[in-house]
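The following questions and answers concern a two-chain model. Please consult the sequence and the coordinates while reading.

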Amino acid sequence: MPIVDYKAPVSVDEAITMLADCNTDVKVLAGGTDLIIQARPASSNPLTVIDVKYIDSMMTASVDSDGLTLGPAMSCAEFTARDDIKAIYPGLVEAAYLIGSTQVQGRASVGGNLSNASPAADTIPPLIANGARCVVAGPDGERDVAVEDFVVGVGNNCMLAGELLKKIHLPLPQARTSDAYLRFIPRTEMDIAVAGAGVSITLNSDGLCTAARVAIGAVAVTALLVPAAAEALIGTKLEDSALQAAASAASAASKPISDRRGTADYRRHVVGVLVKRAASIAAQRAQEK
Amino acid sequence: MAKVHVNTTVNGDAVEFLCNPGETLLDILRNDLQLTGTKEGCGSGDCGACSITVDDRLVCSCLVLAVEAEGKKIGTIEGVADKDQLNVIQQKFLEHAALQCGICTPGLIVSVQALLKENPNPTEEQARYYLAGNLCRCTGYDKIIRAVMDAAETMRGAA
């Protein structure tokens with residue numbers, strides 16, 4: 001097996017030292033649901049894994065007046081059971097609930113889903129819709145990266161050798177704000193998104209949309225923030241014409257491929273429909289706040 | 001490559017073993033600890049045949065490194081029955097003929113036990129979603145779901 005060494009640091013600083021001191025390829029291990037499979041081919045390079053699950057701050061989440069501070073390695077099972085988080089970011093929690101099976105959710109994490117950087121990762125569109133930011137720590141200190149800039153390609157994120165995703169932070173939404181995430185899969189469970197959409201909507205007391213963020217997934221190399229779709233919603237009461245304009249903007253921004261999950265034309269259409277429906281759900285939730 | 005010494009608890013018993021850093025917990029359970037009730041299906045977390053619990057959390061043992069078991073509480077199919085006395089879930093699988101070839105059965109029973117611990121009164125839909133990661137190529141799932149619902153009802157009655 002190509003995993004030749006296993007280390008379990010108990011602090012972020014210790015993890016960063018271990019990442020720097022490694023004389024083989026090195027990867028951070030959270031839930032391992034992607035990494036353990038990727039590391040399996042006998043032809044791959046010898047790999048050291050740094051298990052970050054003994055670092056408290058990587059495994060916990062807190063909600064306060066600043067928003068949500070999420071330990072990137074917390075399991076989706078634990079994350080989705082947190083009613084305090086679900087009350088504020090229901091769309092993100094729903095997305096985490098869609099990753100794999102019950103068994104996979106017992107190990108997989110939001111930070112892992114983000115770092116693995118699949119174009120179809122379910123948590124990335126709702127993270128972007130919520131304005132989430134990543135704190136990346138390395139030997140030269142910390143930097144702060146917006147989620148839409150964190151993923152740079154298929155399976156690639158912006159972290160340099162020796163860096164670690166230390167936390168994910170979501171700002172506390174304004175009053176009457178909520179989110180939603182929808183994906184399309186041909187089955188009812190256990191599948192990978194053909195297209196996905198995460199939307200955050202803020203309404204004023206008259207039901208007018210005053211702020212919005214729209215992000216789409218599985219229809220480009222990375223999940224995309226679509227400002228034009230948000231602009232189509234802001235200043236409207238989310239009438240059919242506004243939703244249709246947002247859908248068209250999302251379809252226009254998408255750059256899908258054709259593969260066995262769907263053709264490019266199909267994905268372009270479906271992502272618009274998902275934006276429309278996710279915006280309606282987010283608005284309904286915002287209304288009820 | 002230096003072997004790692006791991007201390008853990010399996011079905012309530014203290015256990016220690018030596019493993020390579022890349023070995024999966026599934027391989028150690030089956031090949032070193034002779035706990036062959038846990039099956040290997042896909043080896044990639046899609047089929048659920050290797051389902052076990054780690055600190056009461058349902059996981060696929062093919063996607064857990066054996067070294068990660070250090071200090072943890074592992075639960076496998078071998079810990080479900082009380083010696084010769086089958087657990088209610090096992091008994092209901094028999095009564096409803098909820099198995100044919102049997103490869104998925106240990107993983108399913110471990111998963112059903114986790115389901116009913118979390119939610120003693122699931123709807124059929126909730127049970128089907130919870131168990132979506134346990135694939136069965138023989139039964140078509142209907143008999144499994146009937147066994148699960150019957151087991152849930154019996155366990156609620158006994159509680």
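Q: Which residue in strand 3 of chain A is the bridge partner of A:Y6?
A: This is a predicted model, in which local features need pLDDT of at least 70, side-chain atom pairs count only at pLDDT 80 or more, and totals for chains, interfaces and linings use all residues. Residues are numbered from 1 along each chain as its sequence is written, while chains are lettered from A and ligands numbered from 1 in the order in which they are written. Strand 1 and strand 3 of chain A pair in the parallel sense over four bridges, where strands are DSSP runs of E of at least two residues, helices are runs of H or I of at least four, both are numbered from the N terminus, and pairing requires at least two DSSP bridges between two strands. Within strand 3 of chain A, the bridge partner of A:Y6 is A:V49.

Q: Which residue of strand 3 of chain A stands opposite A:L29?
A: Strand 3 of chain A also pairs with strand 2 (residues 25-29) of chain A, in the parallel sense and over five bridges. In strand 3 of chain A, the residue opposite A:L29 is A:D51.

Q: How many of the residues of strand 3 of chain A are buried?
A: A residue is buried if 20 or more other C-beta atoms, placed from the backbone, lie within 10 Å of its own; it is exposed at 12 or fewer and partly exposed in between. A:L47, A:V49 and A:D51 point one way from the strand, A:T48 and A:I50 point the other way, and all are buried. For strand 3 (residues 47-51) of chain A, the count is therefore five of five.

Q: What is the radius of gyration of chain B?
A: The secondary structure of chain B comes to five helices and five strands. The globule rule, 2.2 Å times the number of residues to the power 0.38, is compared with a radius of gyration taken over C-alpha atoms. For 159 residues the rule gives 15 Å, and chain B is close to this, so it is as compact as a globular protein of that length, at 16 Å.

Q: Which residue of strand 2 of chain B stands opposite B:V6?
A: An open sheet of five strands in chain B has the order 2-1-5-3-4, with mixed pairing. Strand 2 (13-19) and strand 4 (57-60) of chain B stand at its edges, each with a single partner strand. Strand 1 (residues 4-10) and strand 2 of chain B pair in the antiparallel sense over seven bridges. The residue of strand 2 of chain B opposite B:V6 is B:F17.

Q: Which element of chain A gives the most to the side that touches chain B?
A: The contact takes 22 residues from chain A and 24 residues from chain B. The elements of chain A that give two or more residues to this side are strand 1 (3-7), helix 2 (35-38) and helix 7 (102-105). With four residues, the element that gives the most is strand 1 of chain A.

Key. Two residues are in contact if their C-beta atoms, placed from the backbone, lie within 7 Å.
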